[in-house]
Amino acid sequence: QVQLVESGGGLVQAGESLRLSCAASGSFFSINNMGWYRQAPGKQRELVAVITVGGITNYADSVKGRFTISRDNAKNTVYLQMNSLKPEDTAVYYCNADDENRGWKVGRYWGQGTQVTVSS
């Protein structure tokens with residue numbers, strides 16, 4: 001079982017930056033893919049970025065060049081550096097992970113979510 005706890009959300013103005021963190025804990029041998037998804041009001045949850053244990057990354061087109069995902073495997077922690085934020089980035093951001101190698105499939109474990117609000 002894996003527990004994920006996010007931190008770092010908040011309210012910022014357009015053009016500003018935020019950094020999200022997500023720490024994994026629980027009973028597992030190792031964490032494989034870790035990622036971030038987001039869900040805006042009235043919309044489906046969507047992929048933001050994912051990173052493999054080896055550091056290979058995948059980003060949504062809407063955030064490429066502005067967001068950077070990274071991880072610290074020793075701390076079982078994933079980060080999302082969000083720069084040049086736009087109002088359309090407003091959403092609840094969820095951490096996602098798995099302790100099995102499932103390729104690029106969505107991980108089985110979710111954090112509780114952290115709100116990111118970008119004002120214009």
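What follows is a conversation about the aromatic pairs, salt bridges and strands of a predicted model.

Reader: Before we start, what kind of model is this, and what are the ground rules?

Author: This is a predicted model, in which local features need pLDDT of at least 70 and side-chain atom pairs count only at pLDDT 80 or more, while totals for chains, interfaces and linings use all residues. Residues are numbered from 1 along each chain as its sequence is written, and side-chain values use heavy atoms, with hydrogens and water left out.

Reader: How many aromatic pairs does a search of the whole structure find?

Author: The search of the whole structure finds two aromatic pairs, where rings of Phe, Tyr and Trp (its six-membered ring) pair if their centres lie within 6.5 Å, and planes under 30 degrees apart count as stacked, over 60 as edge-to-face and the rest as tilted. In one of them, the ring centres of Y37 and W110 are 5.2 Å apart and the planes stand at 70°, so this pair is edge-to-face.

Reader: Which parts does the pair of Y37 and W110 tie together?

Author: Y37 lies in strand 4 (residues 34-39) and W110 in strand 10 (residues 109-110), so the pair ties together parts that are 73 residues apart in sequence. Strands here are DSSP runs (E, at least two residues), as helices are (H or I, at least four), numbered from the N terminus.

Reader: And is Y37 buried or exposed?

Author: Y37 is buried, with a relative accessible area of 11%, whereas W110 is partly exposed at 33%; buried means under 20% relative accessible area, exposed over 50% and partly exposed in between, with a 1.4 Å probe and protein chains only.

Reader: What does Y94 do with W110?

Author: Y94 and W110 form an edge-to-face aromatic pair, 6.4 Å centre to centre with 90° between the planes. Y94 lies in strand 9 (residues 91-97) and W110 in strand 10, so this pair ties together parts that are 16 residues apart in sequence. Y94 counts as buried at 15% relative accessibility, and Y37, Y94 and W110 form one aromatic cluster.

Reader: Which residue lies over the face of W110?

Author: R45 lies over the face of W110, at 4.5 Å from the ring centre, and R19 lies over the face of Y79, at 4.1 Å from the ring centre. A charge sits over a ring if NZ of Lys or CZ of Arg is within 6 Å of the ring centre and within 35 degrees of the ring normal.

Reader: Switching to charges, how many salt bridges does the structure hold?

Author: The structure holds eight salt bridges, each being a side-chain nitrogen of Lys or Arg within 4 Å of a carboxyl oxygen of Asp or Glu. Among them is the one between R38 and D89, whose closest N and O atoms are 2.9 Å apart. R38 lies in strand 4 and D89 in the loop between strand 8 (77-82) and strand 9, so the pair ties together parts that are 51 residues apart in sequence; both R38 and D89 are buried.

Reader: What about D98, where does it lie?

Author: The side chains of D98 and R108 meet in a salt bridge of 3.1 Å, N to O. D98 and R108 both lie in the loop between strand 9 and strand 10, so the pair ties together parts that are ten residues apart in sequence. D98 counts as buried at 3% relative accessibility, while R108 counts as partly exposed at 39%. Salt bridges that share partners join D98, D99, E100, R102 and R108 into one network.

Reader: Now the sheet: in what order do the four strands stand?

Author: Four strands form an open sheet in the order 1-3-8-7, with antiparallel pairing; two strands pair if DSSP finds at least two bridges between them. Strand 1 (2-7) and strand 7 stand at the edges with a single partner strand each, so one side of each is left without a neighbour in the sheet.

Reader: How is strand 8 joined to strand 7?

Author: Six bridges join strand 7 to strand 8, and the two run antiparallel, with R71 having V78 as its bridge partner in strand 8. The two strands form a hairpin with four residues between them, and N76 in the turn has a positive phi of about 50°.

Reader: Which residues make up the covered face of strand 7?

Author: The covered face of strand 7 (residues 67-72) has F67, I69 and R71, and the uncovered one has T68, S70 and D72.
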